[in-house]
Amino acid sequence: MKKFDYIIIGGGCAGLSLAYELEINNKLNSKTLAIIEPRAEYKRDKTWSFWKVINHNFDDCVIKSWNNFSINSPSGSQEFKTEGFPYQSIDSGHYYKKINTLLSKNKNIQFFKNINEIDTNNSFIFNSVPELALDKTKLWQHFQGVEIEVEKDIFDDEIINLMDFNCDQRNRVHFFYTLPFTKNKALIETTWMSRFDDDSLKDYDSQIEKYVKETLGIQKYKINFIERGAIPLFYPSPTKKLNKINIGSAGCMTRLSTGYTFLNIQEHSKYIRENIDNIAGTKNYTIGKKYQFLDNIFLRVLEKYPERMPNIYLEMFKSKASTVIKFLSNKSNILEDILIILKMPKKWIFVKAIFKK
């Protein structure tokens, strides 16, 4: 069986981002790379959205950028400006095509369906696939998005509805968001933050249909695209081997309070590329202990007081928008963290959460 210098397990967002980062920086000119990916073909299957707080390699894959967003809760609604950090959405179909077109030109890079097809001895492995079954009794962010198209121009494509809590919470955190790509085309998503073993929350089709017809007032529409996903709001058990680094969600690149992962993957990929010549001796890359601590407190409150979360999100965003965006994107300084904490309503429940095991 053929041997490779590097192996990437999982050719999704994390795996391909790393391969692309290595390739464009000439790190694979004299090194071989195997990418293990079982899918038969690449096609649009996801939409990755985030505030652009750093530059990245995929501006040409962005479907749309917005400079305005709104938050709606039962206690009120408010519009905000992104203040220099546009909210972007990336089409995974464009992303896959861009990367795979480039990688196909390098004969040192090969794709395989199964890792048993190659010799893994003496290879350094980058793994993006969780090695054990993830606990469905813990908190997850699970969702379904539907891109709809209507005949008339009814959407304001200059503003996104980032969180709309005007719906049945079912004693869990539930919101919709609307990303208008054009005046007659938008992605509508239903999102839950709950235990993933509660099947009563997974009637996504009916949730979206009811929201589109009753809340948005759209009776006739065409569905162009459907995506589903589930993001664990907890980190997998840490594993460390001399010849392996976990990347993506498996490598703790998800921000637990938000589910945002895409830009963290890009920064992790850059870190690996910068240290690739001594990768076995390089210390682990992390989002930051500060954010892990704050996210754990936030998630304890979410689990204990889900009915309070709509108001907590709304009040939090009433801080300077750029401060909140940097905080949610793990780019804030300690002063900005304090400002966010001071804006939190019902501070006593956060204090209690600090001392809860």
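**Figure 1. Helix α1 (residues 13–24) packs against helix α4 (residues 262–274) at an angle of about 40°, with the axes 9 Å apart.** The angle makes α1 oblique to α4; angles under 35 degrees count as roughly parallel, over 145 as roughly antiparallel, 65 to 115 as roughly perpendicular and the rest as oblique. Axes are lines fitted to C-alpha atoms, for helices over the stretch in contact, and angles run from 0 to 180 degrees between N-to-C directions. The crossing of α1 and α4 is right-handed; a crossing is left-handed if the near helix is turned anticlockwise from the far one by less than a right angle, and right-handed if clockwise. From α1, the contact (heavy atoms within 4.5 Å) is made by C13, A14, S17, L18, E21 and L22. From α4, the contributors are F262, I265, Q266, S269, K270, I272 and R273. The residues of the contact between α1 and α4 comprise 7 nonpolar, 3 polar and 3 charged; Ala, Val, Leu, Ile, Met, Phe, Trp, Tyr, Cys and Pro count as nonpolar, Asp, Glu, Lys and Arg as charged, and the others, Gly among them, as polar. The model is predicted: local features need pLDDT of at least 70 and side-chain atom pairs count only at pLDDT 80 or more, whereas totals for chains, interfaces and linings use all residues. Residues are numbered from 1 along each chain as its sequence is written, and side-chain values use heavy atoms, with hydrogens and water left out.

**Figure 2. Helices α1 and α2 (residues 92–103) cross at roughly 45°, and their axes come within 10 Å.** These two helices are therefore oblique to each other, and their crossing is left-handed. On α1, the contact involves C13, L16, S17, A19, Y20, E23 and I24. On α2, the contact involves Y95, Y96, K98, I99, N100, L102 and L103. By class, the contact of α1 with α2 contains 10 nonpolar, 2 polar and 2 charged residues. Helices (H or I, at least four residues) and strands (E, at least two) are DSSP runs, numbered from the N terminus.

**Figure 3. An open sheet of 3 strands has the order β3-β7-β4, with antiparallel pairing.** Strands β3 and β4 (62–66) stand at the edges with a single partner strand each, so one side of each is left without a neighbour in the sheet. Neighbouring strands of this sheet are turned by 15° against each other on average, direction ignored. Two strands pair if DSSP finds at least two bridges between them. Strand β3 (residues 47–51) is joined to β7 (residues 87–91) by 5 bridges, and T47 stands opposite D91 in β7. Between β4 and β7 there are 4 bridges, and K64 has S89 of β7 as its bridge partner.

**Figure 4. Both faces of strand β3 are covered.** On one side, T47, S49 and W51 are buried, as are W48 and F50 on the other. Buried means under 20% relative accessible area, exposed over 50%, and partly exposed in between (1.4 Å probe, protein chains only).

**Figure 5. E227 lies in strand β14 (residues 222–232).** At 4% relative accessibility, E227 is buried. Neighbours within four places in sequence aside, E227 is in contact with D45, K46, T47, F143, Q144, G145, L187 and E189. E227 and V146 are 81 residues apart in sequence, and their C-alpha atoms are 6.6 Å apart in space.

**Figure 6. E336 lies in helix α8 (residues 334–343).** E336 is buried, with a relative accessible area of 11%. Apart from neighbours within four places in sequence, E336 is in contact with T323, K326 and K331.
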